[in-house]
Amino acid sequence: MRYAIEAEGLVKHYGETKALDGVDLGVPPGRLLGVLGPNGAGKTTAVRILATLLTPDAGRATVLGYDVRRQAHQVRSLIGLTGQYAAVDEMLTGVENLVMLGRLLGLSRAESRSRATALLERFDLADAAGRAAKTYSGGMRRRLDLAASLVGRPQVLFLDEPTTGLDPRSRTELWSVVRGLMADGVTVLLTTQYLEEADQLADDIVVFDHGKVIASGTSDELKATTGAQVLEVRPLDPEHLALVAKVVTDVIDETPEVAGGTVTAAVHDPAVIPAVVRHLDDLGIVASELTLRKSTLDEVFLALTGHRAEQATDEEEVPV
Ligand SMILES: Nc1ncnc2c1ncn2[C@@H]1O[C@H](COP(=O)(O)OP(=O)(O)OP(=O)(O)O)[C@@H](O)[C@H]1O
Ligand SMILES: [Mg+2]
């Protein structure tokens with residue numbers, strides 16, 4: 001099988017809104033596809049169609065070879081889904097939530113118990129297993145949510161913005177859990193607004209905008225698509241910032257970004273570097289930093305969609 005998850009020409013309307021406008025994608029077995037896109041781009045709609053929760057108006061999709069429309073039952077038995085909004089029962093304890101799901105999936109009482117215990121252990125929730133989920137912090141709840149989607153040992157996992165709202169530490173912890181699943185051979189489709197997350201985890205990335213795939217490739221391929229590298233010049237003397245900006249403007253013939261004491265510009269020809277150095281030298285300006293680097297995924301995203309991606313927040317996890 002070439003693709004564990006495959007979609008062709010998916011279209012979905014909500015009244016006047018075209019949530020999906022002909023989406024194609026394919027995820028080879030055991031790989032992780034990162035789906036990036038601004039709010040309303042259609043990410044959740046695509047996930048819900050692939051997870052059989054929503055019927056497309058047109059197009060077809062298969063998961064492990066099963067058609068999501070005609071063979072929804074088989075698809076459901078093979079997938080796990082962690083939605084954008086937590087789905088655990090707040091009043092039940094961690095262990096009760098997982099045991100209930102095991103029973104719903106047809107496991108015996110004993111099997112459900114041992115599966116729940118193993119998952120809680122794996123997600124570092126063993127100590128909180130007997131507490132109601134409503135007492136969990138955001139990070140713990142997300143881990144419980146992910147554990148819940150794994151009760152049925154899915155071969156394919158859909159993670160819709162699994163780390164949104166998590167503090168950086170909880171996010172890193174969740175990433176290592178996802179890496180563990182990939183090591184087990186699970187195929188993952190993950191949507192995210194955090195570009196670093198896609199950069200860290202994804203083998204391949206697709207960028208959605210207005211219900212269409214507007215770019216796809218590995219992180220490095222996407223960074224190369226803008227055809228640009230990024231020149232950064234920081235004058236030793238901050239007073240020289242405007243002059244540096246003028247030098248860069250003259251050399252590259254475009255207006256650079258000036259922020260945080262640094263002049264930043266996309267450049268298409270590395271030969272501009274010696275020219276910038278020469279001009280600065282002529283003016284007697286010393287640069288404390290002068291670098292040419294690859295575009296970040298953030299800059300690619302901005303170039304593609306015209307939006308900046310959401311920044312990771314530093315808010316602390318609520319203590320329990
Ligand atoms: N049930 C619904 N009824 C009407 N419109 C909807 C519904 N669900 C989604 N939409 C619209 O479809 C479009 C795509 O929404 P979707 O939730 O798939 O985007 P998304 O990429 O997941 O966004 P976000 O990053 O905010 O989660 C949006 O314009 C949204 O307003
Ligand atoms: Mg969404």
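Biologist: What order do the strands take in the open sheet of six strands?
Modeller: The order is β6-β7-β8-β3-β9-β10, with mixed pairing, where two strands count as a pair if DSSP finds at least two bridges between them. The edges are taken by β6 (79–82) and β10 (212–217), each of which has a single partner strand, so one side of each is left without a neighbour in the sheet. Direction ignored, neighbouring strands of this sheet are turned by 15° against each other on average. Helices (H or I, at least four residues) and strands (E, at least two) are DSSP runs, numbered from the N terminus. Please keep in mind that this is a predicted model, in which local features need pLDDT of at least 70, side-chain atom pairs count only at pLDDT 80 or more, and totals for chains, interfaces and linings use all residues. Residues are numbered from 1 along each chain as its sequence is written, while chains are lettered from A and ligands numbered from 1 in the order in which they are written.

Biologist: And how many bridges join β3 to β8?
Modeller: Strand β3 (residues 32–36) and strand β8 (residues 187–192) run parallel and are joined by five bridges; within that pairing, L33 has L189 in β8 as its bridge partner.

Biologist: Which strands of the sheet does α5 touch?
Modeller: Helix α5 packs on the sheet by touching β6 and β7 (156–160), and its direction makes about 160° with that of β6. Such angles run from 0 to 180 degrees between N-to-C directions, and axes are lines fitted to C-alpha atoms, for helices over the stretch in contact. Residues are in contact if their C-beta atoms, placed from the backbone, lie within 7 Å. Helix α11 (residues 297–305) lies across β3, β9 (204–209) and β10, at about 35° to β9.

Biologist: Now the helices: at what angle do α3 and α5 pack?
Modeller: Helix α3 (residues 94–104) and helix α5 (residues 138–149) pack at about 20°, and their axes are 9 Å apart. That makes α3 roughly parallel to α5, since angles under 35 degrees count as roughly parallel, over 145 as roughly antiparallel, 65 to 115 as roughly perpendicular and the rest as oblique. The contact brings G94, N97, L98 and L101 of α3 against L144, A147 and A148 of α5. By class, these residues are five nonpolar, two polar and no charged, where Ala, Val, Leu, Ile, Met, Phe, Trp, Tyr, Cys and Pro count as nonpolar, Asp, Glu, Lys and Arg as charged, and the others, Gly among them, as polar.

Biologist: What about the angle between α3 and α4?
Modeller: Helix α3 packs against helix α4 (residues 109–122) at about 135°, with axes 8 Å apart, and α3 is therefore oblique to α4.

Biologist: Switching topic, what is the order of the open sheet of four strands?
Modeller: The strands follow the order β2-β1-β4-β5, with antiparallel pairing, and β2 and β5 (66–67) are the edge strands, each pairing on one side only. Strand β1 (residues 5–14) pairs with β2 over eight bridges in the antiparallel sense, and D21 in β2 is the bridge partner of V11. Helix α1 packs on this sheet, where it touches β1, β2 and β4 (58–63), and its direction makes about 120° with that of β1.

Biologist: Which residue takes a positive phi in the hairpin of β1 and β2?
Modeller: That is G15, with a phi near 55°, in a hairpin that has two residues between the strands.

Biologist: Last one: how many residues surround ligand 1?
Modeller: The shell has 13 residues, of which Y14, A19, K43, T44 and T45 are the closest; a residue counts as near a molecule or strand if its C-beta atom, placed from the backbone, lies within 6 Å of it. Both β2 (17–27) and α1 (43–50) supply at least two residues of this shell, and the largest share, three residues, comes from α1. By class, the shell has three nonpolar, nine polar and one charged residues.

Methods. Two residues are in contact if their C-beta atoms, placed from the backbone, lie within 7 Å.
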